[in-house]
Amino acid sequence: MPLTVLSQPHGATLPRHPRQVDLSPSFNPQAFGVRLPGIDLDSGTSLPAVTVAVQTWGTPAPDGSNAVLVEHALTGDAHVTGPAGPGQPTAGWWDGVVGPGCAIDTDRYFVVATNVLGGCRGTTGPGSTAPDGRPWGSRFPQVSIRDQVRVEAQVADLLGVDRWRLVVGGSMGGMRAVEWAATFPDRVRAAAVVASTAAASADQIAWGQAQVLAVTGDPDYRGGDYYDQGVTPSHGLGLARRIAHTTYRSAPELDSRFGTAGQDGEDPLRGGRFSVEGYLDHHAAKLVGRFDAGTYVVLTRAMATHDIGRGRGGAAAALERFDGDLHVVAVDSDRLFPVELSEALVRAHGRGSVQVVASPHGHDGFLIETERVSAVLRDALSDETPATGVVR
């Protein structure tokens, strides 16, 4: 029995599926929850029934040929497009790429987004209630990108999606997009992997460890069991965000924007902040106000273990059965997911080329350069040979 409930900004609500559940009012009211049975994890452990938050736009074609799965990055969620509002503190993170008339046109495609396993925006994660009625906390098991994709496949089953027209994501979302191609090659017509990689690099793992230690070293983290203690490790999460955000932007951009200037009204020679420090403080505060520290740890560790070739004989062997189109996009100034990682993915697939988006904004270019990314995704959704080279 396909799940027929569609959470659409302008659509009608149809009869509930038996596995549909209500989400907390503190979550996006345009998302809905689905309840899945337990899942065995790559770590050798398992989770009992899992709730997944889902948001959809558009209408599925009768033959199911127009379904597009959009995958969010580390601190994203299922709210890909649309305004902020009650229960949804941020506007859609890919407005301009997804929406009516956009490259991923919600008037044409049935667009699906989930909050990832281990998340904190409606999907089961360390802050969720365990079967014993207490928060999972430190007992929440380690999950992998592959685990997350297997959960999404169950959601696709409930939605009646046998094969995605496109699976697309950037950064951690790109990890899931390429994992879809490797794990479920017959269920993906095309995948677009944006500013991402087939396997985490040592450099990415190293930056991730610094962020995890920033969170876990906060006394209020309490070994991961802070949820019912009246405290939150906000200092550690803010520090992790400062580390991460520095890697998301390019060094030339930071230097050109801020240089060595002081924050307005502050003098670094007298203990005041530099302007770039004020910028990082701002982004740290924003994340602390909307994201869970335990989820940050779980998802950062999931990214560190990402490797589509694990247990499959390498990335090339993992993609051997995928005969769909693989669109690989890199940002030329990305120092966290540099172009060479995208080139390695293309070599593993054995055909195609990297489409390079020119941007001064570093890794965040995949979120900022919406027109350039949209040009690539229009190619990915066309039946013509994709363009190659630099997208300016």
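This is a predicted model: local features need pLDDT of at least 70, side-chain atom pairs count only at pLDDT 80 or more; totals for chains, interfaces and linings use all residues.
**Exercise 1. Packing of helix 3 and helix 7**

Determine how helix 3 is oriented relative to helix 7, and describe the contact between them.

Solution. 
- Step 1. Helix 3 covers residues 202-216 and helix 7 covers residues 293-304; their axes come within 10 Å and cross at roughly 160 degrees.
- Step 2. An angle over 145 degrees counts as roughly antiparallel. Helix 3 is therefore roughly antiparallel to helix 7.
- Step 3. The crossing in which helix 3 passes helix 7 is left-handed.
- Step 4. On the side of helix 3, the contact is made by I205, G208, Q211, V212, V215 and T216. Helix 7 contributes A293, Y296, V297, T300, R301 and A304.
- Step 5. By class, the residues of this contact comprise seven nonpolar, four polar and one charged.

**Exercise 2. Packing of helix 4 and helix 6**

Carry out the corresponding analysis for helix 4 and helix 6.

Solution. 
- Step 1. The axes of helix 4 and helix 6 (residues 275-288) lie 8 Å apart, and the packing angle is about 125 degrees.
- Step 2. Angles under 35 degrees, over 145 degrees, or from 65 to 115 degrees fall into other classes, and the rest count as oblique. Helix 4 is therefore oblique to helix 6.
- Step 3. Helix 4 passes helix 6 in a crossing that is right-handed.
- Step 4. The residues of helix 4 that make the contact are S234, L237, G238, R241, R242, H245 and T246. Those of helix 6 are Y279, L280, D281, H283, A284, L287 and V288.
- Step 5. Six nonpolar, five polar and three charged residues make up this contact.

**Exercise 3. The surroundings of H72**

Is H72 buried or exposed, and which side chain is joined to that of H72 by a polar contact?

Solution. 
- Step 1. H72 is located in the loop between strand 6 (67-71) and strand 7 (98-99).
- Step 2. The relative accessibility of H72 is 0%, so this residue counts as buried.
- Step 3. The side chain of N115 forms a polar contact of 3.5 Å with the side chain of H72.
- Step 4. With neighbours within four places in sequence set aside, H72 is in contact with D77, A78, W93, T114, N115, V116, M172, G173 and R176.

**Exercise 4. Accessibility of D228 and D186**

Which accessibility class applies to D228, and which to D186?

Solution. 
- Step 1. D228 is situated in the loop between helix 3 and helix 4 (234-248). Its relative accessibility is 48%, so D228 counts as partly exposed.
- Step 2. The side chains of D228 and Q229 are joined by a polar contact of 3.0 Å.
- Step 3. D186 belongs to the loop between helix 2 and strand 11. The relative accessible area of D186 is 59%; therefore D186 is exposed.
- Step 4. Beyond its neighbours within four places in sequence, D186 is in contact with R163 and R321.
- Step 5. D186 and D220 are 34 residues apart in sequence, while their C-alpha atoms are 46 Å apart in space.

**Exercise 5. T295 and G309**

Locate T295 and G309 and identify their contacts.

Solution. 
- Step 1. T295 is part of helix 7 and is buried, with a relative accessible area of 1%.
- Step 2. Not counting residues up to four places away in sequence, T295 touches G118, G119, C120, P126 and Y227.
- Step 3. G309 occupies the loop between helix 7 and helix 8 (315-318). At 7% relative accessibility, G309 counts as buried.
- Step 4. Once neighbours within four places in sequence are excluded, G309 is in contact with G314, A315 and A318.

Notes
Residues are numbered from 1 along each chain as its sequence is written. Side-chain values use heavy atoms; hydrogens and water are left out. Axes are lines fitted to C-alpha atoms, for helices over the stretch in contact, and angles run from 0 to 180 degrees between N-to-C directions. Helices (H or I, at least four residues) and strands (E, at least two) are DSSP runs, numbered from the N terminus. A crossing is left-handed if the near helix is turned anticlockwise from the far one by less than a right angle, and right-handed if clockwise. Contact means heavy atoms within 4.5 Å. Ala, Val, Leu, Ile, Met, Phe, Trp, Tyr, Cys and Pro count as nonpolar, Asp, Glu, Lys and Arg as charged, and the others, Gly among them, as polar. Buried means under 20% relative accessible area, exposed over 50%, partly exposed in between (1.4 Å probe, protein chains only). A polar contact is a pair of N or O atoms within 3.5 Å; within protein, one must be able to donate a hydrogen and the other to accept it, and residues adjacent in sequence count only if both atoms are side-chain atoms.
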